[in-house]
Amino acid sequence: MTAAFMDLVDVTIVNIAIPSIQRDAGASFSQIQWITAGYALAFAAGLITGGRLGDIHGRKRLFLLGIGGFTLASALCGFAANPEMLVASRILQGGMAAMMVPQVLSIVHATFPAHERGKVFGLFGAIVGLGAVSGPLLGALLTEWNLFGLEWRPIFLINLPVGVAALLLGGPFISESRAPRALKLDLVGVVLVTLGLLMLLYPLTRGRELGWPLWGYALMAGALVVFAVLVAYERRKAARDGSPLVELSLFRVKSFAAGIAVQTVFGVALGVFFLVWTLYMQIGLGWSPLRAGLTGVPFSIAVSVAAGMSVQKLVPRFGRKVLQAGALIMAAGVLLYLWEAHRYGLGIASWQMALPLVVMGAGMGLIVAPLTDAVLSEVPREHAGSASGLINTVQQMGNALGLGLVSVVFFGVIGDRLTPAQVGPAFVHAFQHALGYVAGVMAVIFVLMSALPRRPAQHVEGASEESAPERSAQGEPEREPVG
């Protein structure tokens, strides 16, 4: 739970401190994107691999290795001498999170009997909610306090005591577990996924700064070729030894294929919104990190409340319509925010943002909690583990892609040489421009959701538990969800 909390807080805490990092470290806008996108990309590329390594070499061993590496990477981020070192350390941190996070639910599955897991997942949900609310506030306070004159650095250094405590307690209290049948790691698949993503994201992030050179378009086109090669290779690998990185047979299930598309596109929307929102409040409106952090509290609370209601009361009764309603409500919140940003301009107040943020948070909460179950409900039980890992991976990939697109939909409409008087109006205008894209993306998500099953048929935890005997009878390993 400590590891899950650290990862969640780390993702949200950095966004709020981005303008301070830019100011203090002298980072360019593309470096700012890579501070967030580098983490998301390394995390996405390593998630399935991290889960598979835990199955092969032992989940406890990988978990402790991941926590140790994450803590070390946090120290490197905190003591980074320049923006380049910070970007490299963030990429390392994302890679270590990819080793650590997939083991959390796998260890829960291996440690607790089925009748006790409900309580554990309830606690896990509470930790997720706490991380979402406390991350921005903690980031704002640590940046505002400027502890020991360290500016933004304590947002990373705070992981050190937490990570050391988790390492010391994890050793004696976590029991080791691994897959009953030896699996093989698909290294070629890992290389192809990472290469394809880099070829797509690097030109997107640097393109505007470099004047959109021809090689950038060539790289993005080449990324599609790499993904095509990945599909062909994974198909052959599945036929040869049954241990591909990506289980392609899952995409024959219509609801799963649609759900993967929803997760990817949703990740893009979140990647765009959260970065431009922070830049708008702190650079455009000139607000302090603390004021920006406090402004986001209604959003976080609305997400937590709506998520609890959607899983417990609404989805069992109304099924898919709840998710579609969530997409429309979130789009309405975005459009309301766009209207307010246009109407009030630089004079907008925190309380005026509260209504659109609550509407957006309620819509997001209706989607995030039940979406995984809806996507997995028609997946064959023996593939529940690899499917849930793939869902988390594509959302992170979408997030990294969204962060890359910020240079197009936000920085692309801001002039290169602005006078101090022009900065505020330019950022407000760019924020409105980006919100238009986010609203459009939510409309696409609404359409894609029509391919999800009307009513999620099962809960993945229960499904994986019920199917354990039949998998064991077939000599297949029990694969726990790796997200």
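**Ground rules**

For helix pairs, I take axes as lines fitted to C-alpha atoms over the stretch in contact, with angles running from 0 to 180 degrees between N-to-C directions. Helices (H or I, at least four residues) and strands (E, at least two) are DSSP runs, numbered from the N terminus. What I'm looking at is a predicted model, where local features need pLDDT of at least 70 and side-chain atom pairs count only at pLDDT 80 or more, while totals for chains, interfaces and linings use all residues. Residues are numbered from 1 along each chain as its sequence is written, and side-chain values use heavy atoms, with hydrogens and water left out.

**Entry: the whole chain**

I started with the secondary structure: the protein chain has 18 helices and zero strands. Next I looked up burial, where buried means under 20% relative accessible area, exposed means over 50%, and partly exposed is in between (1.4 Å probe, protein chains only). Of the 483 residues, 55% count as buried. Then I checked contacts, meaning heavy atoms within 4.5 Å. Among contacts with a separation of 6 or more, 83% are between residues 24 or more positions apart.

**Entry: H1 against H10**

I went to helix H1 (residues 2-25) and helix H10 (residues 254-284), whose axes come within 8 Å and cross at roughly 55 degrees. That makes H1 oblique to H10. For the label, angles under 35 degrees are roughly parallel, over 145 roughly antiparallel, 65 to 115 roughly perpendicular, and the rest oblique. The crossing of H1 with H10 is right-handed; that is the clockwise case, while left-handed means the near helix is turned anticlockwise from the far one by less than a right angle.

I listed who touches whom. H1 brings Asn-15, Ile-16, Ile-18, Pro-19, Ser-20 and Gln-22, and H10 brings Phe-274, Leu-275, Thr-278, Leu-279, Gln-282 and Ile-283. My classes: Ala, Val, Leu, Ile, Met, Phe, Trp, Tyr, Cys and Pro are nonpolar, Asp, Glu, Lys and Arg are charged, and the others, Gly among them, are polar.

**Entry: H3 against H4**

Next pair: helix H3 (residues 59-78) and helix H4 (residues 83-111) have axes 7 Å apart and pack at about 155 degrees. H3 and H4 are therefore roughly antiparallel. Their crossing is left-handed. I found 18 nonpolar, seven polar and three charged residues in the contact of H3 with H4.

I also looked at H3 by itself. Its 20 residues should span 28 Å at 1.5 Å a residue, and its end C-alpha atoms are 28 Å apart, which agrees. The expected span is 1.5 Å times one less than the number of residues. H3 is mostly covered, with 15 of its 20 residues buried.

**Entry: H13 and Arg-320**

Which helix holds Arg-320? I found Arg-320 in helix H13 (residues 320-344). H13 has 25 residues and reaches 36 Å from its first C-alpha to its last, close to the 36 Å expected. Arg-320 is buried at 14% relative accessible area. Leaving out residues up to four places away in sequence, Arg-320 touches Met-449, Ser-450, Leu-452, Pro-453 and Arg-454. Just after H13, I noted that Gly-345 takes a positive phi of about 55 degrees.

**Entry: Ala-306**

Ala-306 sits in helix H12 (residues 297-318). With a relative accessible area of 8%, Ala-306 is buried. Beyond its neighbours within four places in sequence, Ala-306 contacts Gly-361, Ala-362, Gly-365 and Leu-366.

Is Ser-177 buried or exposed? Ser-177 is buried, at 15% relative accessible area, and lies in the loop between helix H7 (159-173) and H8. Apart from neighbours within four places in sequence, Ser-177 contacts Gly-54, Gly-58, Arg-59 and Ala-110.

Most residues other than glycine have a negative phi. Glu-151 has a positive phi near 55 degrees, and I found Glu-151 in the loop between helix H5 (114-145) and helix H6 (154-157). Glu-151 is partly exposed at 30% relative accessible area. Trp-212 has a positive phi of about 45 degrees, although Trp-212 is not a glycine. Its loop runs between helix H8 (187-210) and helix H9 (214-241). Trp-212 counts as partly exposed at 32% relative accessibility.
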